[in-house]
Amino acid sequence: MNLFIYTITYPFIWLFSSLPMRVLYWVSDLLFILIYYIIGYRKEVVKNNLKMAFPDKSGKEIDQLTKKFFKHFMDIMIESVKTFSISEKEMLKRYTYKNPELVNSLAKEGRSIVLVGAHLANWEWSVSMPLVLDINVFGTYSKLANPHFDKRIKQNRTQFGVIAVKTSETIKNIHQNYSNKKQALYILLSDQSPMLHKAQYWRNFFNTNVPVHTGAQTIAKKYDFAVVNYSTKKVKRGYYETEFSLVTDSPKEFEGYKLTDKYFEITEEAIKKQPECYLWTHKRFKHKDKYDEWLEINKNKLSKIKKAKS
């Protein structure tokens with residue numbers, strides 16, 4: 001059955017992907033009308049997230065920002081499909097890198113790198129990074145139930161040189177590379193909300209106390225990897241520019257969760273510049289009222305940590 005579904009579906013996806021961008025954006029405009037005005041997919045989730053993130057904005061401003069977000073969101077969906085057939089030349093024309101030399105200089109020094117970023121602008125087209133970086137680039141992916149689509153999606157994400165690793169095998173892969181002295185860059189999007197029972201740290205993010213991912217910091221400090229942030233902005237429809245910035249080349253100098261704090265400060269500032277281009281459809285603040293619950297869950301664990309430090 002999986003093969004049958006793949007066989008009758010994938011050719012249509014590829015043919016659709018092969019259409020000129022101007023035609024695909026006409027489809028995006030139609031999808032926007034359908035999703036925003038008729039179906040209302042996650043409209044309230046987006047609107048509530050924006051209200052919490054920007055409490056000073058009026059109701060009218062929130063409505064306008066919500067509409068802008070959904071227009072961009074439909075473009076992202078279409079651009080993701082375009083990845084199936086986009087050429088290297090067109091990719092580099094539409095998705096440019098302002099300063100890849102920052103990363104390449106670290107690579108030349110023999111450093112491995114944790115590359116942190118957010119679901120901002122077009123994160124899907126960051127699969128083109130190996131075209132401008134002089135280092136092995138590893139990216140994570142979630143395995144699909146249909147093995148045929150899983151294989152195709154993996155090929156799609158690796159067509160420009162990214163080495164795909166299942167999310168569940170990320171730590172194992174990093175440790176193996178480190179043990180084998182294999183230099184690499186690891187793309188870790190760290191802006192979404194962790195599962196409550198796995199959360200290690202809470203901080204303020206857009207005026208709200210929430211649990212945040214700390215994996216990038218943990219990896220960087222354990223293996224002494226440099227930490228680089230990449231931030232992408234939308235220049236105009238279908239065109240993006242990514243800029244790299246050094247977070248630190250000495251991660252072990254950061255005490256506690258200060259390295260994670262620095263990343264989230266950078267992320268928040270980047271989002272504020274183009275708030276309509278951030279992924280607001282996920283419930284980023286869903287755990288905002290669960291701090292006491294989290295404390296109760298982790299009471300014994302926190303007590304042991306406190307004793308160990310005393």
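This is a predicted model: local features need pLDDT of at least 70, side-chain atom pairs count only at pLDDT 80 or more; totals for chains, interfaces and linings use all residues.
View 1. How much space lies in the largest cavity? About 90 Å³. The second largest cavity holds about 70 Å³ of space.

**View 2. The largest cavity and its lining.** Here you can pick out the residues around the largest cavity: V114, V116, S190, H213, T214, A216, Q217, V227, L259, T260 and Y263. Elements that give two or more residues to this lining are β2 (113–117), α9 and α10 (258–273). Which element has the largest share of the lining? That is α10, with 3 residues. Sorted by class, the lining of the largest cavity has 6 nonpolar and 5 polar residues, and no charged ones.

**View 3. The second largest cavity and its lining.** Lining the second largest cavity are A118, L120, N229, Y230, S231, T232, T267, A270 and I271. Two elements to look for are β8 (226–236) and α10, each of which supplies at least two residues of this lining. Which of the elements gives the most? It is β8, with 4 residues. By class, the lining of the second largest cavity divides into 5 nonpolar and 4 polar residues, with no charged ones.

**View 4. The largest pocket and the residues closest to its centre.** The largest pocket contains about 1,500 Å³ of space. Its lining is made up of 41 residues, and the closest to the pocket centre are H119, T140, Y141, T167 and L189. These five names make a handy starting point for finding your way around the view.

**View 5. The elements around the largest pocket.** Several helices and strands give two or more residues to the lining of the largest pocket: α4 (59–82), β3 (137–141), α7 (147–158), α8 (170–179), β5 (185–189) and α9 (215–223). Which element gives the most to this lining? The answer is α9, with 6 residues.

**View 6. The classes of residue in the lining of the largest pocket.** How many residues of each class does this lining have? There are 21 nonpolar, 16 polar and 4 charged residues in the lining of the largest pocket. For the largest cavity, by contrast, the lining has no charged residues, and the lining of the second largest cavity has no charged residues either.

Definitions and conventions. Residues are numbered from 1 along each chain as its sequence is written. Side-chain values use heavy atoms; hydrogens and water are left out. On a 1 Å grid over the protein atoms alone, a cavity is a set of points where a 1.4 Å probe fits but cannot get out, and a pocket is an open set with protein on both sides within 12 Å along at least five of seven lines; lining residues have an atom within 4 Å of a point. Grid points are joined across faces, edges and corners, and a volume is the space filled by probe spheres set on the points. Ala, Val, Leu, Ile, Met, Phe, Trp, Tyr, Cys and Pro count as nonpolar, Asp, Glu, Lys and Arg as charged, and the others, Gly among them, as polar.
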